[in-house]
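Work through the exercises below with the model open. Try each task before reading its solution.

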Amino acid sequence: MLSSPILITGAVATAGLLAVAIRRLDYDRIPQAAVLSAAFFVASLVSIPVGPSSVHLILNGLMGLILGWAAVPAIFVALIMQAVFFGYGGLLVLGVNTLNIALPALLCAALIGPVLRRSSGRATLFWGGLGGALGVLLTALMVSFSLGLSSSEFLPAARLVLATYAPLIIGEAAVTGFALGFILRVAPELITVRE
Amino acid sequence: MSRLCLIIPFLLLCNGVAEAHLLKLFAYVEGDRIHGSAYFAGGAGVADALVTISDADNQTVAELRTDPRGTFSYPVTSAGEYRLRVNTGEGHQAEWQIHSSEFAPAPVSSVTPPAATDHSPAPQSGSVTPPDTQLARLIEQAVARQIGPLREQLQRSDDRARLSDILGGIGFIFGLAGVALWWRARRGAPDR
């Protein structure tokens with residue numbers, strides 16, 4: 001399905017991201033990373049049929065906002081588990097998959113993270129929701145981009161992916177917003193720790 | 001942090017109705033028709049998905065779409081190896097291989113006429129074999145019809161995400177986190 005240049009580019013880019021992430025790894029975040037990694041792994045098993053396909057929560061916006069760079073190894077490990085235990089995607093596309101999910105997480109962390117840390121109350125819900133939506137939207141764009149570059153026509157693939165992901169964007173925004181609102185109330189140190 | 005852990009048991013509870021996000025294809029032969037279905041592992045059929053049937057030389061024989069229940073059926077002209085592929089167009093695809101041995105033996109009509117003319121002095125043997133082979137073919141078809149759905153069911157329950165796999169995956173993740181923390185403690189990282 002995906003052509004080998006795409007697969008190789010994805011693998012190389014993921015290896016690079018992982019190297020940077022591990023060098024910058026904040027050991028205090030490992031427990032959070034493990035919990036979110038497990039949540040990501042399990043969330044992917046709960047999927048809802050949409051049209052000819054089905055979607056599940058990705059949680060990459062949430063992971064990026066809470067974990068920062070640590071989101072990259074967390075996502076990578078969870079994707080390995082999915083490929084090994086359930087055959088999702090398979091190991092060949094692991095690089096592309098990690099890139100498509102982790103890069104939006106990092107962008108969320110960079111763009112929305114600083115604003116989110118200064119927010120409170122309703123503003124947290126808003127920025128968290130925006131982060132969740134942005135994470136999924138960017139992932140959808142990157143998935144259709146990698147599909148379009150490989151085989152299928154870009155526009156139909158992108159339209160299909162976006163149509164499938166549209167309900168997910170709303171769900172993801174709600175989950176991320178409420179999760180972050182909750183965390184800021186009960187354990188603000190999870191988010192306010194700076195890298 | 002500990003509250004976050006609440007998410008996991010909750011999601012595990014949901015798993016009872018959950019379906020894995022993995023596209024699957026299943027097909028079997030009944031007579032000279034290929035019956036099959038496309039579905040998400042442990043879940044509902046995939047409607048309106050593109051199914052491509054190609055032969056041993058990788059030539060596309062047919063392209064069809066699944067019905068609302070995710071099933072399809074296609075009459076093939078000859079027995080042989082077939083490769084079926086389903087593609088939902090947004091990154092999910094699956095394959096299924098049909099071997100020539102799944103088809104019933106070649107139609108009797110091509111074998112029996114010479115046999116019947118050669119053995120004109122013994123008409124009984126000539127007149128007895130065709131119904132026999134025909135009967136065998138009928139039985140084979142009937143069995144295929146009965147067993148096909150059963151095979152599909154078996155395949156589907158095999159594909160379902162199992163609790164042990166889920167727990168195993170979570171265990172691995174926490175184990176890795178433990179290794180990372182142990183590594184840090186061993187190197188005596190500065191306290192922050």
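**Exercise 1. Contact range in chain B**

Task: Among contacts in chain B between residues at least 6 apart in sequence, find what share joins residues at least 24 apart.

Solution. The model is predicted. Start with the contacts in chain B between residues at least 6 apart in sequence. Of these, 54% join residues at least 24 apart. One pair of residues shows such a separation along the chain: B:Ala44 and B:Arg69 are 25 residues apart, and their C-alpha atoms are separated by 7.8 Å. B:Ala44 sits in the loop between β2 (33–40) and β3 (50–55) of chain B. Its relative accessible area is 42%, so B:Ala44 is partly exposed.

**Exercise 2. Layout and surface of chain B**

Task: State how many helices and strands chain B has, and give their order along the sequence.

Solution. Count the elements: four helices and seven strands. Now read along the sequence. The pattern is α-β-β-β-β-β-β-β-α-α-α. Next, take burial. Chain B has 192 residues, and 31% of them count as buried. Then take the surface. The accessible surface of chain B is about 11400 Å². Carbon and sulfur atoms account for 58% of that surface.

**Exercise 3. A salt bridge with A:Asp28**

Task: Identify which residue forms a salt bridge with A:Asp28, and say where the two partners lie.

Solution. The search of the whole structure finds five salt bridges over all chains. In one of them, A:Asp28 pairs with B:Arg184, with the closest N and O atoms 3.4 Å apart. A:Asp28 lies in the loop between α1 (4–23) and α2 of chain A, and B:Arg184 in helix α4 of chain B, so the pair joins two chains. A:Asp28 is partly exposed, at a relative accessible area of 34%. B:Arg184 is also partly exposed, at 22%. The cut-off for buried is under 20%.

**Exercise 4. Two salt bridges within chain B**

Task: For the salt bridges B:Glu30 to B:Arg145 and B:Glu95 to B:Arg83, work out which parts of the chain are tied together.

Solution. Take B:Glu30 and B:Arg145. Their side chains meet at 3.5 Å, N to O. B:Glu30 is in strand β1 (residues 23–30) and B:Arg145 in helix α3 (residues 123–159), so the bridge ties together parts 115 residues apart in sequence. B:Glu30 counts as buried, at 16% relative accessibility. B:Arg145 counts as partly exposed, at 44%.

Now take B:Glu95 and B:Arg83. The closest N and O atoms are 3.0 Å apart. B:Glu95 is in strand β7 (residues 93–98) and B:Arg83 in strand β6 (residues 82–87), so this pair ties together parts twelve residues apart in sequence. B:Glu95 counts as partly exposed, at 46% relative accessibility.

**Exercise 5. The second largest pocket**

Task: Describe the second largest pocket by volume, by its lining and by the kinds of residue there.

Solution. Begin with volume: about 420 Å³ of space. Then count the lining: 18 residues. Nearest the centre lie A:Leu25, A:Pro73, A:Val77, B:Leu176 and B:Ala180. Assign elements next. In chain A, α2 (30–43) and α4 (71–86) each supply at least two lining residues, as does α4 (163–187) of chain B. The largest share, six residues, comes from α4(B). Finally, sort by kind. The lining has 17 nonpolar residues, one polar and no charged.

Technical notes. Residues are numbered from 1 along each chain as its sequence is written. Chains are lettered from A and ligands numbered from 1 in the order in which they are written. This is a predicted model: local features need pLDDT of at least 70, side-chain atom pairs count only at pLDDT 80 or more; totals for chains, interfaces and linings use all residues. Side-chain values use heavy atoms; hydrogens and water are left out. Buried means under 20% relative accessible area, exposed over 50%, partly exposed in between (1.4 Å probe, protein chains only). Contact means heavy atoms within 4.5 Å. Accessible areas come from the Shrake-Rupley method with a 1.4 Å probe; for residues, only the protein chains shown count as cover. On a 1 Å grid over the protein atoms alone, a cavity is a set of points where a 1.4 Å probe fits but cannot get out, and a pocket is an open set with protein on both sides within 12 Å along at least five of seven lines; lining residues have an atom within 4 Å of a point. Grid points are joined across faces, edges and corners, and a volume is the space filled by probe spheres set on the points. Ala, Val, Leu, Ile, Met, Phe, Trp, Tyr, Cys and Pro count as nonpolar, Asp, Glu, Lys and Arg as charged, and the others, Gly among them, as polar. A salt bridge is a side-chain nitrogen of Lys or Arg within 4 Å of a carboxyl oxygen of Asp or Glu.
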